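Good morning, and thank you for coming. Please take a moment to look at the sequence and the model, and then we shall go through them part by part.

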Amino acid sequence: MTNSPLRPSVAITEPDRPRCWIGSLAAYNGSHDGVPRLIGEWYDATEAGEVTVADLHKGTGVPFDPDDELWVMDLDGTWPVQVEMGPTTAAKWGEIYDEVGPEQWPALCAWVRNGSYVAESDTDYPVLSDFEERYVGEWSTFREYAEQLADDIGLLTDVPQSLQPYFDWASWTRDLKYDYSVEDAPNGGVYVFRDL
């Protein structure tokens, strides 16, 4: 017997990719025969807006009304909001995912959950240009970001080398943090956003 590495049966390429379980409300509420049924399917959020009642009932043998309302009944992956939504709303979040990409998606979700994000008019959808302007990256700590910023702006350039060890980094970092939003990242670091 040879040893081989364990491999998942499905390729795991984008674990944060938002997916949703779309179900038939009529079937769930038992409106045809009084018996509630879970009739639905998992879809990528980007496809959610295209799902029809016929798609969900295909192969079930359960009668359905083409005017039945579809609803997102469960979420998978990373989502910026944890609210009830229709497939159209899920599809919009899928579009936003595609626009920011899998690398930036977790940071965008953290920004939205933080509540300091800028929304498009009267929606919950973030303004992506504001996200790009405010997001300064993922860091192991806010202190690491502060030290890099100090270096980038030459904060101690005019301070003699012999006096630099006496600079109060803790106070400077604490005061600097008032101009930023900091959210935990899944790997133990933090996402840092400018508060403009």
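Helix α6 covers residues 169-176, and both W169 and W172 lie in it. They are 3 residues apart, which is about one turn of the helix. Please keep in mind throughout that this is a predicted model.

How many aromatic pairs does the structure hold? There are 16 of them.

W111, Y117, F131, Y135, Y191 and F193 are linked into a cluster by ring pairs. A charged side chain can be found at a ring as well: K92 lies over the face of Y125, at 5.6 Å from the ring centre.

The largest nonpolar core has 37 residues, and the members that touch the most others are I22, W93, W105 and L108. Several elements each supply at least two residues of this core, namely β1 (19-24), α2 (53-57), β3 (70-76), α3 (87-114), α4 (128-134) and β6 (190-194). Which of them gives the most? Helix α3 does, with 13 residues. Apart from this core lies another one, of 12 residues, which includes W139, Y145, Y180 and V190.

W93 deserves a moment of its own. Leaving aside residues up to four places away in sequence, W93 touches W79, P80, V81, M85, W105, D124, Y125 and P126. Y125, in that list, is the residue whose ring face has K92 over it.

We come now to charged pairs. In general, side chains of opposite charge can pair when their charged atoms come close. A search of the whole structure finds 4 salt bridges, and I shall describe some of them.

One joins D98 and R17, with the closest N and O atoms 3.7 Å apart. What does this pair tie together? D98 lies in helix α3 and R17 in the segment before β1, so the bridge connects parts that are 81 residues apart in sequence. D98 is partly exposed, with a relative accessible area of 46%. R17 also counts as partly exposed, at 21% relative accessibility.

Another salt bridge links E147 with R143, and here the closest N and O atoms are 2.7 Å apart. These two residues stand 4 residues apart in helix α5 (residues 142-153), so about one helical turn separates them. E147 is partly exposed at 35% relative accessibility, and R143 is partly exposed with a relative accessible area of 35%.

A further bridge is formed by R174 and D175, whose closest N and O atoms are 3.7 Å apart. R174 counts as partly exposed at 47% relative accessibility, as does D175, with a relative accessible area of 44%. Salt bridges that share partners also join R17, D44 and D98 into one network.

Next, the strands. Is β4 enclosed or open to the outside? In strand β4 (residues 135-139), 4 of the 5 residues are buried, so the strand is largely enclosed by the rest of the structure. β4 pairs with β6 in the antiparallel sense, over 4 bridges. Within that arrangement, G137 stands opposite V192 in β6.

I shall end with two loop residues. P186 is in the loop between β5 (180-184) and β6. P186 is exposed, with a relative accessible area of 72%. Although P186 and A110 are 76 residues apart in sequence, they are 9.8 Å apart in space, C-alpha to C-alpha.

The other residue is S121, found in the loop between α3 and α4. S121 is exposed too, with a relative accessible area of 70%. What is its phi angle? The phi of S121 is positive, about 35°, although S121 is not a glycine. By way of background, most residues other than glycine have a negative phi.

Thank you for your attention.

Methods: Residues numbered from 1 in each chain as written. Predicted model: local features only at pLDDT ≥ 70, side-chain atom pairs only at ≥ 80, totals over all residues. Heavy atoms only, no water. Phe/Tyr/Trp six-rings, centres within 6.5 Å; stacked < 30°, edge-to-face > 60°. Lys NZ or Arg CZ within 6 Å of the ring centre and 35° of its normal. Core = buried A, V, L, I, M, F, W, Y, C linked by side-chain atoms within 4.5 Å. Buried < 20%, exposed > 50% of the residue type's maximum accessible area, 1.4 Å probe, protein only. Contact = heavy atoms within 4.5 Å. Salt bridge = Lys/Arg side-chain N within 4 Å of Asp/Glu carboxyl O. Pairing = 2+ DSSP bridges.
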